[in-house]
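Visitor: I would like to learn how to read a protein model. Could you walk me through one?

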Amino acid sequence: MSADTLAANRRLARFDGHAEVWVFGYGSLIYKADFPYLERRPARIHGWTRRFWQGSHDHRGTPQAPGRVVTLVRERGAVCVGMAYRVTPDVFDHLDYREKNGYLRFVTELCFEDGGGAEGLVYIATTDNAAFLGPAPEHEIARHIAASEGPSGPNRDYLLHLAAALRELGADDPHVFAIERHLRALDEGVAAG
């Protein structure tokens, strides 16, 4: 599958005719809502875990030197904490463009802190997209992130903002926090050297 998913997402009609749709964010959508929304609520989805396995050619890296950003991978019993936004469908023009580097819209069931839930959408970069980088040891992912930068800024900023946002949500994400620790250790090693 092409890394550019813009056209594929625009063909999806699951929520056509709906006045409002919930969108679940688990990466930069947690802390960078650069779109209008009607409501914002912490939420979680089940059966998915966050991983820094997707390449970023257009935001945190370049086509020649992609950065690493998060996607979701299936994991039995996993719970992914993030932020849900209730939006009007016109927001998808912006979101489809923002998430065009390998992410497709999928329908998911959202669970809110108050025990309620709703059906919504989530953008996931699947393993068959051309920008998928796949698993690597967390210290190698940290090195990759430390060396990457793109039009949206240094890849390290994405990681650090995400880790801070997850802490604000009270989320425990061993993968993200381990990469953050490795990145900080690299920074200290450079400063000490």
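**Reading the chain step by step**

Guide: From the N terminus on, the elements follow the order α-β-α-β-β-α-β-β-α-β-β-α-α. That gives six helices and seven strands; helices (H or I, at least four residues) and strands (E, at least two) are DSSP runs, numbered from the N terminus. This is a predicted model, in which local features need pLDDT of at least 70 and side-chain atom pairs count only at pLDDT 80 or more, while totals for chains, interfaces and linings use all residues. Residues are numbered from 1 along each chain as its sequence is written, and side-chain values use heavy atoms, with hydrogens and water left out.

Visitor: How many of the residues count as buried?

Guide: Buried means under 20% relative accessible area, exposed over 50%, and partly exposed in between (1.4 Å probe, protein chains only). Of the 193 residues here, 50% count as buried.

Visitor: Which residues are buried in helix α3?

Guide: An α-helix has 3.6 residues a turn, so residues three or four places apart point the same way. In α3, residues 91-98, the buried ones are Val91, Phe92, Leu95, Asp96 and Arg98. They lie on the same side of α3 because they cover an arc of only 160 degrees around the axis, the arc being that of the directions from the helix axis to the C-beta atoms.

Visitor: Which strands does β4 join?

Guide: Two strands pair if DSSP finds at least two bridges between them. Strand β4 (residues 103-112) runs antiparallel to β5 (residues 117-125), with nine bridges, and arginine 105 stands opposite tyrosine 123 in β5. The hairpin of β4 and β5 has four residues between the strands, and glycine 115 there takes a positive phi near 95 degrees. Strand β4 is mostly covered, with seven of its 10 residues buried.

Visitor: What lies over the face of phenylalanine 112?

Guide: A charge sits over a ring if NZ of Lys or CZ of Arg is within 6 Å of the ring centre and within 35 degrees of the ring normal. Arginine 41 lies over the face of phenylalanine 112, 4.0 Å from the ring centre. Elsewhere, the charged end of arginine 167 sits over the ring of phenylalanine 177, at 4.3 Å from its centre.

Visitor: How many aromatic pairs are there?

Guide: Rings of Phe, Tyr and Trp (its six-membered ring) pair if their centres lie within 6.5 Å; planes under 30 degrees apart count as stacked, over 60 as edge-to-face and the rest as tilted. The whole structure has six such pairs. One of them is phenylalanine 35 with tyrosine 85, edge-to-face at 5.1 Å centre to centre and 75 degrees between the planes. Phenylalanine 35 is in the loop between α2 and β2 and tyrosine 85 in strand β3, so the pair ties together parts 50 residues apart in sequence. Both of these residues are buried. Phe35, Tyr37 and Tyr85 form one aromatic cluster.

Visitor: What does arginine 86 make a polar contact with?

Guide: A polar contact is a pair of N or O atoms within 3.5 Å; within protein, one must be able to donate a hydrogen and the other to accept it, and residues adjacent in sequence count only if both atoms are side-chain atoms. Arginine 86, in strand β3, makes one through its side chain with the side chain of glutamate 20 (2.9 Å).
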